[in-house]
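Q: Please take a close look at one part of this model and describe how it is packed. A plain account is enough.

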Amino acid sequence: MLSIGLQEEFDALQRIIAEMGRVVIGFSGGVDSTLLLKVCVETLGSGNVFAVIGRSDTYPEREYAEAQRIATEIGAAITEVETKETDVLKFKENPPDRCYFCKTELFSELQAIADSHHIEWILDGTHADDTGDFRPGMRAVRERGVRSPLLESGLGKSGIRALSRYFGLSTAEKPSFACLSSRFPYGMEIDKERLRAIDEAENFLYDYGFRAVRVRHHDKQTARIEVGQNDIAKLMDTELRIAIVQKMHTLGFTYITLDLEGFRSGSMNAVLSIEVKKSYMDDAAE
């Protein structure tokens, strides 16, 4: 049974979705877009829901495979589009509002699909907690008229996870996901070779049982590994540590470091001053 507050938010989510009739969803296989897809399919029927995965060099192969599995689990058909944000000069330069250029590219592809099927509404998984974070990609959401039903219904991350458990979704406890471009310090050029190295490095750690994991790419030669607080001690195992070092060397990293603060989403934003963040958010609001 859901709490009264969560039931009210869930009822609001269903009403919002029901009023749309037919929708196109940007689907990543993460916690948020999975719940959104589930409720859309339950509310509108699978024939009125077009779930779209944007494939690019910034999207990990592991996440792609899992998104396919999750869509099958829900009973939704998937459409794939190729996004080419890595060809956009401004994105490659990796400014603090990098996500704006990525989202703009994705939403352009989603709009083309919506137009071809005469669908009015494009949806994304933005939720209530995202409004308190540094999210320059939300500028693209506003510019493109993309709807965010989770946000509109007042659902935050804890509510999304609770509803995911309620529906028995396998993503209920899944760690937060972000595209591979978030592994690079702002101003460091993003290229396909480095993206592939990061993807392979994280897959290697994932195969050893690490679920909350990031490999941050610093100074073109340093890998900074973040894992969950409870997994830090595991990395001190001599045999595993040697295996990780050898693997990282084969991927082109000279120095391999462990972040003692552990995994945290958006750790690359720590270098941005409040003034810099505000300037980008002010630009987004204009």
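**A core residue and its surroundings**

A: Beyond the neighbours within four places in sequence, Leu205 is in contact (heavy atoms within 4.5 Å) with Phe210, Val213, Val215, Ile225, Ile244 and Met248. The model is predicted, so local features need pLDDT of at least 70 and side-chain atom pairs count only at pLDDT 80 or more, while totals for chains, interfaces and linings use all residues. Residues are numbered from 1 along each chain as its sequence is written, and side-chain values use heavy atoms, with hydrogens and water left out.

The largest nonpolar core has 42 residues, of which Val24, Leu205, Val215, Ile225, Ile244 and Met248 touch the most other members. Such a core is a set of buried Ala, Val, Leu, Ile, Met, Phe, Trp, Tyr and Cys residues joined through side-chain atoms within 4.5 Å; buried means under 20% relative accessible area (1.4 Å probe, protein chains only). Among the elements that give two or more residues to this core are helix 9 (192–207), strand 5 (213–218), strand 6 (222–227) and helix 10 (238–250). Helices here are DSSP runs of H or I with at least four residues, and strands are runs of E with at least two, numbered from the N terminus. Helix 5 contributes the most, with 8 residues. Another core, of 34 residues, lies apart from this one and includes Ile17, Phe27, Tyr64 and Ala71.

Helix 9 also meets helix 3: Glu61, Arg62 and Glu66 in helix 3 are in contact with Asp199, Glu202, Asn203 and Tyr206 in helix 9.

Definitions and conventions:
Buried < 20%, exposed > 50% of the residue type's maximum accessible area, 1.4 Å probe, protein only.
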